[in-house]
Amino acid sequence: MQEELFKKIVSHCKEYGFIYPSSEVYDGLNGVYDYGPMGVELKNNIKEYWWQGMVQLHENITGIDSAIFMHPLIWKASGHVDAFNDPLIDNKDSKKRFRADVLVETEIDKMIAKADKEVDKAAKRFGESFDEKMFRETNPRVLEYTQKAQDTETRLANALKTNDMADLKALIEELNIAEPDTGSRNWTEVRQFNLMFSTQMSNTGDDGKLYLRPETAQGIFVNFQNVQKTTRQKIPFGIAQIGKAFRNEIVARQFIFRMREFEQMEMQFFVRPGTEMDWYNTWKERRMAWHRSITPAEKLRFKDHDNLAHYANAAVDIQFEFPFGFKELEGIHSRTDFDLKSHSELSGKKLQFFDPELNEHYIPYVVETSVGCDRLFLSVLSNALIEESVPDAQGEDSSRTVLKIPPALAPVKCAVLPLLKNKEELVDKARSVFDKLKLHFLCQYDEKDAVGRRYRRQDAIGTPYCVTIDFQTLEDNTVTIRERDSMEQTRVSIDEVAGIVSEKTDLSSLLEKLV
RNA sequence: GCGGUGGUAACUCAGUUGGUAGAGUGUCAGCCUUCCAAGCUGAAUGUCGCGAGUUCGAAUCUCGUCCGCCGCUCCA
């Protein structure tokens, strides 16, 4: 059922010009998609709503648009060069894939557990007089286990540091590590997956190697001081950015949910150290409120992170119930002063803020909100795509496919339809209405087929309003305006149409839910 | 990368034991004096993923190859 819905979303996207597979005439490119005419409108509206929710609604948030290319040292400082590599190994018998370093680490944990067990046994034997420190330092078996754990640790760290995948493989063999479920020791070679794409630019770095940014956040951090000085912002303040990011996922899956090239909407909020948890909670709530303004509350939930990233001291996801389950839409992280401090150390530039209230310098702490634009797009469509039964002209049941997109996000706001196309006066009038309305919002003019069919066509792309020009229009300048979800029609004067549609489809109708 | 599965029109799919392709929807042109798809008439669209082989003949059989989907791993 849910799987069916997902398939329908994918084919609907293709059929109506929301999303096409990339490079389709060359058989496609795995995990890459193009946005079509309807898709780009919806996506732009989503971005615009986010931007206004951040920059327009908060006096202390400003936007930037930093370059995708950045100095390679930025990714050194951010930790991505070191932490964004995954050594992978496959078990030939079980066909399962593992992270080679995790296998070794698990083995190290076992060694430590063995040592602890010896200590426990001894503690029971000696009772109160037991000196654990002394025992750990002298007992040969404990020493052996501890030493082995340490050696392995060192060798693992070294192999990872020097990218010595052969030694990592050797380590796994020497430790006799078996696949947990099957016990098989039939491993492939260890292969390194770097999740950052690289390219090159002459005159930069060692051999000009550059990375395509895996997150937009770093462009904000390295501009922290520029923005603060040029906008005269005081802590707390935020910087927002929308832009493409690139991650060489091992496998990109689930349509546009996980793509190798994707768009992030990030806001980094700089706060006084010690206040970060308050701000973290504030942004958690604000971001959830934003999502709820366009998505039913029951499809959204918070999910705390079990494992924190190297830079975070608190992290939560806002998840959405996709057809394939609850999945991350947005991440909210308390990033501490990790990034600014790290850039400060590596660049030698002081990335500080002088706080006039405290009369002291400090490196600000950062609370990050980071939402996947493409995921949001998919969530909107997942909610919106509905097949429902409605009465047809004879009052019989008929099905219609309708995208119940929030009107302010809909690609096309209004369709203008002459009731009949073979009546010149209706067509002319409709054209003049269209020309008037297109000054205000995106409209479509359609005269082909029966008007009922045209309504259904507009339903399929989520157009909230259809204006129909009939013979009465020629007499009194009124038109019928038909609402997408209720399919109800009201007759209004032509002069009122722009106002009615604007009021319902303007982003301000969403923004006012946030304040 | 490994395993499973699939690739036929814009979409969903059929195609029987091999005889050079069909349906529905959609699209386009036209008809219809009146508001919610499935009225009427007509039309266009496919190197049946690609290549090789077997055969008189391949969408169909064989091999290879490319690509998609699902799972394993990853999602900072």
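**Close-up 1. Helix 5 passes helix 7 in a left-handed crossing.** A crossing is called left-handed if the near helix is turned anticlockwise from the far one by less than a right angle, and right-handed if clockwise. The model shown here is predicted, so local features need pLDDT of at least 70 and side-chain atom pairs count only at pLDDT 80 or more, while totals for chains, interfaces and linings use all residues. Residues are numbered from 1 along each chain as its sequence is written, and chains are lettered from A and ligands numbered from 1 in the order in which they are written. Helices (H or I, at least four residues) and strands (E, at least two) are DSSP runs, numbered from the N terminus. The axes of helix 5 (residues 100-126) and helix 7 (residues 140-161) come within 8 Å and cross at roughly 165 degrees. That angle makes helix 5 roughly antiparallel to helix 7 (under 35 degrees counts as roughly parallel, over 145 as roughly antiparallel, 65 to 115 as roughly perpendicular and the rest as oblique). Axes are lines fitted to C-alpha atoms, for helices over the stretch in contact, and angles run from 0 to 180 degrees between N-to-C directions. Two residues are in contact if their C-beta atoms, placed from the backbone, lie within 7 Å. The contact residues divide into 11 nonpolar, 2 polar and 7 charged (Ala, Val, Leu, Ile, Met, Phe, Trp, Tyr, Cys and Pro count as nonpolar, Asp, Glu, Lys and Arg as charged, and the others, Gly among them, as polar).

**Close-up 2. Helix 5 also passes helix 8 in a left-handed crossing.** Here the axes of helix 5 and helix 8 (residues 165-174) come within 10 Å and cross at roughly 35 degrees. A100, L103 and V104 of helix 5 make the contact with L168, L171 and I172 of helix 8. By class, this contact has 6 nonpolar, no polar and no charged residues.

**Close-up 3. An open sheet of 5 strands has the order 20-19-21-22-23 and mixed pairing.** Two strands pair if DSSP finds at least two bridges between them. Strand 20 (443-445) and strand 23 (489-493) stand at the edges with a single partner strand each, so one side of each is left without a neighbour in the sheet. From one strand to the next, the twist averages 25 degrees. Strand 21 (residues 465-469) pairs with strand 22 in the antiparallel sense over 4 bridges, and C466 has R482 in strand 22 as its bridge partner. Helix 14 (residues 424-437) lies across strands 19, 20, 21 and 22, running at about 165 degrees to strand 19.

**Close-up 4. A hairpin joins strand 12 to strand 13 through 2 residues.** Strand 12 (residues 314-322) and strand 13 (residues 325-336) pair in the antiparallel sense over 9 bridges, with D317 opposite G331 in strand 13. Strand 13 and strand 16 (residues 365-372) run antiparallel and are joined by 6 bridges; here T336 stands opposite V366.

**Close-up 5. RNA strand B has 51 residues around it, of which N30, D392, S398, G452 and F471 come nearest.** A residue is near a molecule or strand if its C-beta atom, placed from the backbone, lies within 6 Å of it. Elements giving two or more residues to this surface include helix 1 (2-15), strand 18 (397-403) and helix 15 (451-461). The largest share, 6 residues, comes from helix 15. By class, the surface near RNA strand B has 17 nonpolar, 14 polar and 20 charged residues.
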